[in-house]
Amino acid sequence: MTPEIVSVTEELLKKTPHPVTVIIDGRTCRANEGEIILEVAIRERIEIPHLCYEASLSPYGACRLCMVEFMRRGRMEMATSCTLRAEEGLEVITDSPKILSHRRMILELYLAEAPRSEVIKELAKKYGVTKTRFFKKIDKEDPLGNKCILCGLCVRVCNEIIGASVMSFVNRGPYTVVSTPFLEENTACLGCMACAAVCPTHAIEIGNLGAERTMVSWGKTQVKLRKCPQCGRYFAPESLSDEVYAKIDPPLTEDIRDICPECRSSNIAHAEISAASGRR
Amino acid sequence: MDEQALDAIISAYDSPSGRLLGILGDIQNTHRYIPRESLEMLSWKLDIPLSQLYSVVTFYSFFTLIPIGEHRITVCMGTACHVKGAGEILKNLEKLLGFPEGITEEQRSPVTTKDNVFTLEIARCFGACSIAPVLKVDNTLYGYAKAEDVPGILEEYGWKKDDY
Amino acid sequence: MPNEILVRKNRGLKKIQPDIPRITVGLATCGAAIGATAVYDRLKERIRERNLEVILVPTGCIGYCREEPIVAIAHPKKPLVLLHRVTPDDVDDILDAVSLGTVPFEKALCRIEGWNHLMGCNLNYGRGFEDIPLYDDIPFFGHQKKVILRDAGLINPEDIDEFLAVGGYSAAWQALSSMNSDAVLEEVEKSGLRGRGGAGFPAGLKWRITKEKVNEKKYLICNADEGDPGAYMNRNEMESDPHMLIEGMILGAYAMDISEGLIYIRAEYPLAIRRLKHAIKEAKECGILGKNIFGTDFFFDIQIATGAGAFVCGESTALVASIEGRTGRPTPRPPRLTDSGLWGRPTDLNNVETWCNVPVIIKNGSDWYKSIGAPKNAGTKVFSLVGDVERVGLVEVPLGTTLNTIVFDIGNGSSDGKDVKAVQTGGPSGGCIPRRLFDTTVDFESLAKIGSIMGSGGIVVMDEDTNMVDIARYFISFATGESCGKCIPCREGLKHTLILLNKILGGKATPEDLDTLKSLSETIVETSLCGLGNSAPNPVLTTLAYFREEYDALVKS
């Protein structure tokens with residue numbers, strides 16, 4: 001078990017939540033002791049930009065955009081709000097001049113690192129950053145379309161939640177990229193597309209063409225799709241559905257397992273209607 | 001790498017602490033690089049996803065997936081060595097071994113001559129700062145090195161002027 | 001002490017002070033690299049050929065690196081004499097002199113009449129050879145206070161008998177036979193020992209927090225990653241006196257109720273790894289490590305885990321990740337290591353030198369320890385004094401000593417008669433300090449006040465010809481190559497800082513570029529995830545503060 005999983009487990013096993021009051025930007029907010037301040041802010045609709053936070057994973061602290069100032073022992077300190085925990089009387093400021101100044105510099109760095117990302121451009125614009133002083137990283141061959149910000153969400157989801165471990169961080173420092181082993185196709189991929197769902201900059205390219213799903217960004221890995229015998233559409237990756245079905249006990253019957261969800265619902269609806277009209 | 005040899009390496013580590021880096025280091029010491037097949041074999045033997053192993057091998061400077069030449073020349077670019085002129089030594093080596101573009105200091109990728117005889121790379125500190133600048137060829141350290149010493153040192157390993 | 005150990009101790013004493021002459025050769029990494037191995041081999045050969053009754057033994061490094069190779073001669077009842085800059089050609093003259101009961105005066109550096117090993121062993125060598133200066137009269141040595149380096153260069157690091165002879169493991173014995181674990185912990189707390197890896201966190205406090213995790217599996221780790229270029233104190237501590245580190249860890253394990261320890265050591269230190277492995281084996285054979293230590297029911301074992309070339313793995317969470325077989329990418333804190341560290345368990349992590357301080361504290365007491373150093377900065381610190389300085393080597397002084405003393409009294413200033421311009425302290429996380437601030441004392445607070453840090457102890461001296469902008473560029477290049485890449489301020493920020501510095505050095509920068517350099521550096525400091533990013537811009541910020549004119553001269557107006 002990685003320490004991250006241990007600490008998440010500890011979270012879940014914590015005793016009954018104990019309510020506290022925290023003050024964010026002068027506003028009094030209710031929270032549970034130990035709750036992540038970013039979560040409190042989201043709930044209270046106080047805007048703190050964030051890119052690498054995912055509630056189902058332990059805090060990662062990579063994007064640095066969610067940094068806030070808070071009062072500790074009479075001094076203002078800075079911390080990422082995804083790792084800052086609520087305690088009674090905690091005072092947090094999300095938009096001080098200092099925070100804004102650092103945030104803008106970081107956004108300039110993001111504009112240079114992911115110059116083709118519309119999401120980044122929008123976010124930067126929100127804080128008054130429309131251009132960057134720094135050299136833009138442009139690679140025409142980039143499988144992630146010059147949109148990747150190395151937030152790690154795809155890697156962590158694929159590793160820790162899906163369990164397929166298709167891609168990882170390769171190299172280190174400014175040479176880091178997210179890729180498959182040896183930058184080639186990886187047959188471990190189930191084609192679930194959780195990576196694309198979780199990517200904040202929509203950098204992951206996937207092609208859905210007929211019988212195959214192509215994970216273009218992951219070495220153009222081809223994933224075979226399952227064909228519905230009833231309607232003829234391709235609806236789910238074979239490997240993924242096989243894995244999921246294998247976990248169901250007692251196993252699904254053929255009429256459900258091999259049919260696509262739309263046909264399934266329509267079959268069930270027809271069966272209900274027939275049964276209902278039959279009863280009358 | 002044959003399976004028996006790999007099993008022997010793995011069995012030397014009974015505790016998980018330090019095991020992976022230890023095993024990879026032993027593979028590297030055996031072959032002077034980490035062959036792809038070894039990594040793939042290791043993945044199913046240790047039940048660690050290949051993507052994770054690949055991530056580890058590409059993260060740490062010590063590991064290389066590309067074979068190293070017969071002789072490995074490492075120039076220390078630590079602070080004391082830098083202050084004492086390591087840059088000149090590196091430049092001279094790059095010239096004499098035929099690497100006009102030089103090695104990117106930040107990236108630290110080793111470069112190897114086409115005939116696979118010499119690999120040139122930099123290190124960030126051997127901890128031999130008192131005898132700076134330091135040059136290492138295979139397992140021998142040369143202290144108080146000077147740029148003019150380089151041809152003589154290379155000749156000890158079979159280099160000849162105008163070879164590259 | 002158990003009888004078998006006393007037998008070895010007495011054997012060790014006879015090895016150190018035998019009835020016949022004893023010749024030792026300093027064989028740590030640097031000495032070996034510049035000819036000490038050749039000297040040792042030649043001595044061995046000629047002693048055999050000439051059929052001389054002489055004992056030849058390898059020792060560690062006494063720290064005066066510029067004068068290596070160093071050979072020491074101990075005639076019975078005569079002072080220990082250190083010879084310097086010895087070459088294989090000197091061997092016959094040395095043996096000629098030794099066989100006549102004397103030493104080659106032209107090669108002599110100094111003599112030692114007696115030596116206090118601080119662990120209940122005060123060795124008396126003898127009087128004589130009055131023409132050779134006394135050890136204390138050699139400026140390089142005289143200003144130092146050897147506590148951690150008390151055995152280095154004087155005993156054989158590959159022989160536990162010699163370590164036992166000079167009082168080694170007597171503190172561990174004392175603790176296990178007559179103190180309970182709380183008493184050991186309290187002594188360390190009272191001593192005020194602060195972490196020697198750079199952070200200066202009170203060791204006793206960290207131990208107390210770890211100890212309070214009762215009924216939980218815990219680990220202790222020694223951080224032997226010593227990645228700072230220019231720093232090699234830990235390397236010498238491990239190569240010259242490996243048992244000292246083991247003893248410190250045994251005491252810590254006993255104090256904190258821990259049974260498993262690890263030493264994470266960088267792969268670039270093969271000799272230290274070998275000597276530690278050998279020392280661990282010897283300690284186990286003597287019942288001092290492993291099961292039933294000293295015959296008690298205390299169990300503690302130490303394992304070695306090696307690094308693979310990543311400076312960032314000196315950071316605690318990255319170090320732990322590396323031991324677990326993952327990439328060295330730091331994780332945010334909380335949780336702290338003492339809450340969730342190695343394999344998710346409470347873990348105490350301390351630097352090599354921190355561990356090495358513990359035996360002397362237990363043996364001599366916290367009052368003795370506090371009498372050395374300065375208020376809130378008890379004890380000594382080992383520094384590596386390198387670069388453009390004449391007397392290069394390892395220097396151990398009480399905390400609170402000034403840079404002037406270290407650079408000029410001990411180091412004798414610049415090596416080529418040039419003026420000293422600045423020093424870099426604290427490695428890549430530290431800053432450049434101009435000569436006019438050399439009256440600053442070296443301790444955990446004073447250097448921080450002027451923008452640098454003490455760090456792990458590297459002091460690189462730079463002379464008047466040094467281009468300080470180039471130095472800033474050097475450090476940023478280093479940090480960029482060592483950044484783990486997880487967080488954007490460090491990963492991209494340092495990359496662009498390097499681009500800016502290259503632009504400045506190329507004479508193509510504008511004044512706006514200097515402003516960008518400064519504000520980018522400040523953002524990297526304040527927003528990076530870990531200590532690497534938090535401190536990497538320090539060389540830029542300090543050179544901008546103290547050597548602004550060099551930047552301005554390169555900038556187009």
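A charge sits over a ring if NZ of Lys or CZ of Arg is within 6 Å of the ring centre and within 35 degrees of the ring normal. Keep that rule for the first stop.

This is a predicted model, where local features need pLDDT of at least 70, side-chain atom pairs count only at pLDDT 80 or more, and totals for chains, interfaces and linings use all residues. Residues are numbered from 1 along each chain as its sequence is written, chains are lettered from A and ligands numbered from 1 in the order in which they are written, and side-chain values use heavy atoms, with hydrogens and water left out.

**Stop 1: charges over rings**

Select B:Arg36 and A:Phe182. The charged end of B:Arg36 sits over the ring of A:Phe182, 4.0 Å from the ring centre. Now go to C:Lys78 and C:Phe129. Here the charged end of C:Lys78 lies over the ring of C:Phe129, at 5.9 Å from its centre.

**Stop 2: the two domains of chain A**

Colour residues 18-95 of chain A as domain 1 and 139-241 as domain 2. Such bounds come from an automatic or database domain assignment. The C-alpha centres of these two domains of chain A are 32 Å apart. Where do they meet? In chain A, 8 residues of domain 1 are in contact with 11 residues of domain 2; contact means heavy atoms within 4.5 Å.

**Stop 3: a sheet in chain A**

Switch to a cartoon view. Helices (H or I, at least four residues) and strands (E, at least two) are DSSP runs, numbered from the N terminus. Two strands pair if DSSP finds at least two bridges between them.

In what order do the 5 strands of the open sheet in chain A lie? The order is β2-β1-β5-β3-β4, with mixed pairing. Select β2 (27-32) and β4 (75-80) of chain A to see the edge strands, each of which pairs on one side only. From one strand to the next, the twist averages 35°.

Next, select helix α3 (residues 97-113) of chain A. Helix α3 packs on the sheet and touches β3 (67-72), β4 and β5 of chain A. Its direction makes about 150° with that of β3(A). Axes are lines fitted to C-alpha atoms, for helices over the stretch in contact, and angles run from 0 to 180 degrees between N-to-C directions.

Zoom in on β1 (residues 19-24) and β5 (residues 91-93) of chain A. These strands run parallel and are joined by 2 bridges. Pick A:Ile23: its bridge partner in β5(A) is A:Glu91.

**Stop 4: chain B**

From the N terminus on, its elements run α-α-α-α-β-α-α-β-β-β-β-α. The C-alpha atoms of chain B fill a box of roughly 50 × 35 × 25 Å, taken along the principal axes.

Of the 164 residues of chain B, 55% count as buried. Buried means under 20% relative accessible area, exposed over 50%, partly exposed in between (1.4 Å probe, protein chains only).

Colour domain 1 (3-59) and domain 2 (71-155) of chain B. Their centres, taken over C-alpha atoms, are separated by 28 Å.

**Stop 5: aromatic rings**

Rings of Phe, Tyr and Trp (its six-membered ring) pair if their centres lie within 6.5 Å; planes under 30 degrees apart count as stacked, over 60 as edge-to-face and the rest as tilted. A search of the whole structure finds 18 aromatic pairs over all chains. One of them is B:Phe59 with B:Tyr60, which is edge-to-face, at 4.9 Å centre to centre and 75° between the planes. Both B:Phe59 and B:Tyr60 are buried.

In chain C, select Tyr64, Trp115, Tyr135, Phe140 and Phe141. C:Tyr64, C:Trp115, C:Tyr135, C:Phe140 and C:Phe141 form one aromatic cluster.

**Stop 6: strand β18 of chain C**

Is β18 (residues 458-463) of chain C mostly covered or mostly open? Mostly covered: 6 of its 6 residues are buried. In a regular strand the side chains alternate between the two faces of the sheet. C:Gly458, C:Val460 and C:Met462 point one way from β18(C), and C:Ile459, C:Val461 and C:Asp463 the other way.

β14 (residues 380-387) of chain C pairs with β18(C) in the parallel sense over 4 bridges, and C:Val386 stands opposite C:Val460. β16 (residues 420-425) of chain C pairs with β18(C) in the antiparallel sense over 5 bridges, and C:Ala422 stands opposite C:Met462.

**Last stop: C:Glu512**

C:Glu512 is in helix α19 (residues 511-527) of chain C. This residue is exposed, because its relative accessible area is 52%.
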